[in-house]
Amino acid sequence: MFILPALIGFALFYAWPTVRSVSISFTDWNMLSPARPVGLSNYRKLLNDAVFWQSLKATGVYVLWNIPLQTVLALLLALLLQRFSRNSFLRSVVIAPYLLPGVVVGLMGLWMLNPELGILNAALGWLGVHTQPFLGSIQQAMPTIASINTWQYTGYTSLLLYTGMQSIPPSVYEAARIDGAQGGRQFFSITLPLLRPVMAFVVITSLIGSFQIFDTIAITTQGGPVNATRVIVWYIYEQAFTLYNMGYATAIAVVLFAVLLLVTVVQLRLFRADSSDLE
């Protein structure tokens with residue numbers, strides 16, 4: 001009875017739409033006329049769709065930029081919070097970017113990285129560096145998008161890791177110091193292994209969020225330049241609400257769901273997230 005309200009909300013807004021999407025993926029539907037069953041036609045089309053594979057590749061590039069950068073920075077920030085400050089105000093400052101709407105973060109990045117008026121290019125000019133296109137460059141666009149989102153989410157991720165560090169018993173570190181383990185040895189032999197369940201949660205949720213990147217793309221590049229940032233969710237949006245191919249768009253969404261489910265299962269196995277070295 002206690003979880004019933006949340007369970008009803010989950011069923012109405014998550015479970016039922018998911019089931020409905022699967023059924024729509026087997027139809028040809030433009031949202032203006034009745035859906036027409038087409039069997040596996042959308043999935044066969046997907047296999048031969050070069051733009052779909054390109055968007056999946058672009059998403060993979062974003063993930064490879066975002067996840068390692070965000071995780072490493074968050075881990076370093078969590079260590080700094082643990083060692084030098086337990087001030088609640090500082091933790092509030094760290095998480096502040098995460099509390100901003102994604103649209104606001106995208107607009108901030110768009111303005112700051114503007115080739116003509118952006119403050120970052122102005123700073124580079126003072127240092128004698130040529131103006132950089134950032135979001136306007138095929139090579140720089142995706143790393144720039146990843147950097148914007150890393151800035152937004154690193155603080156939140158670091159607080160999760162910091163909380164995990166706080167759960168490690170101080171007696172473990174005391175025993176390590178008695179045995180002569182210091183600094184880096186404690187980090188690699190104690191902190192990282194005992195953070196494994198929290199790290200699994202952080203990496204998996206960050207990975208799922210990275211595959212679903214949309215708002216920053218919509219505000220800054222809209223898939224450009226030359227499809228360099230046309231990620232999978234942006235392609236789904238184009239198919240559904242620009243070309244009105246709702247059946248095909250939901251077929252892509254179902255494939256994305258399957259990919260995320262597979263990646264999540266693999267990550268859970270790799271991290272052995274159901275066990276802890278503290279037990």
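## Salt bridges

D28 and R36 join their side chains in a salt bridge, with an N to O distance of 2.9 Å. The term denotes a side-chain nitrogen of Lys or Arg within 4 Å of a carboxyl oxygen of Asp or Glu. This is a predicted model, in which local features need pLDDT of at least 70 and side-chain atom pairs count only at pLDDT 80 or more, while totals for chains, interfaces and linings use all residues. Residues are numbered from 1 along each chain as its sequence is written, and side-chain values use heavy atoms, with hydrogens and water left out.

The structure holds two salt bridges. E238 and R230 form a salt bridge with an N to O distance of 3.1 Å. Both E238 and R230 are buried, whereas D28 is partly exposed at 38% relative accessible area and R36 is partly exposed at 47%. Here buried means under 20% relative accessible area, exposed over 50%, and partly exposed in between, with a 1.4 Å probe and protein chains only. Side chains of opposite charge can pair when their charged atoms come close.

## Overall architecture

The protein chain has 13 helices and two strands. These elements are DSSP runs numbered from the N terminus: helices are H or I with at least four residues, and strands are E with at least two. Along the principal axes, the C-alpha atoms of the chain fill a box of roughly 75 × 60 × 35 Å. Of its 279 residues, 39% are buried.

K57 lies in helix α3 and is exposed, with a relative accessible area of 61%.

## Largest pocket

The largest pocket holds about 600 Å³ of space. Of its 21 lining residues, Q212, A253, V254, L256 and F257 are the closest to the centre. Helices α1 (4-24), α12 (232-241) and α13 (246-271) are the elements that give two or more residues to this lining, and α13 gives the most, with 10 residues. The lining comprises 16 nonpolar residues, five polar and no charged.

A pocket is an open set of points on a 1 Å grid over the protein atoms alone, where a 1.4 Å probe fits, with protein on both sides within 12 Å along at least five of seven lines; lining residues have an atom within 4 Å of a point. Points are joined across faces, edges and corners, and a volume is the space filled by probe spheres set on them. Ala, Val, Leu, Ile, Met, Phe, Trp, Tyr, Cys and Pro count as nonpolar, Asp, Glu, Lys and Arg as charged, and the others, Gly among them, as polar.

## Second largest pocket

The volume of the second largest pocket is about 420 Å³. It is lined by 21 residues, and Y153, T205, S206, G209 and S210 lie nearest its centre. At least two lining residues come from each of α3 (50-84), α7 (141-166), α10 (196-211) and α11 (215-220). Helix α10 supplies the largest share, seven residues. This lining divides into 10 nonpolar residues, 10 polar and one charged.

## Nonpolar surface patch

M1, F2, I3, L4, L7, I8, F10, L12, F13 and Y14 make a nonpolar surface patch of about 1300 Å². Within helix α1, Y14 counts as exposed at 55% relative accessibility. Patch residues have over 30% relative accessible area and no salt bridge, and nonpolar side chains (Val, Leu, Ile, Met, Phe, Trp, Tyr) are joined within 5 Å. Accessible areas come from the Shrake-Rupley method with a 1.4 Å probe; for residues, only the protein chains shown count as cover.

Technical notes: Patches are made of residues with over 30% relative accessible area and no salt bridge: like charges are joined within 9 Å, nonpolar side chains (Val, Leu, Ile, Met, Phe, Trp, Tyr) within 5 Å.
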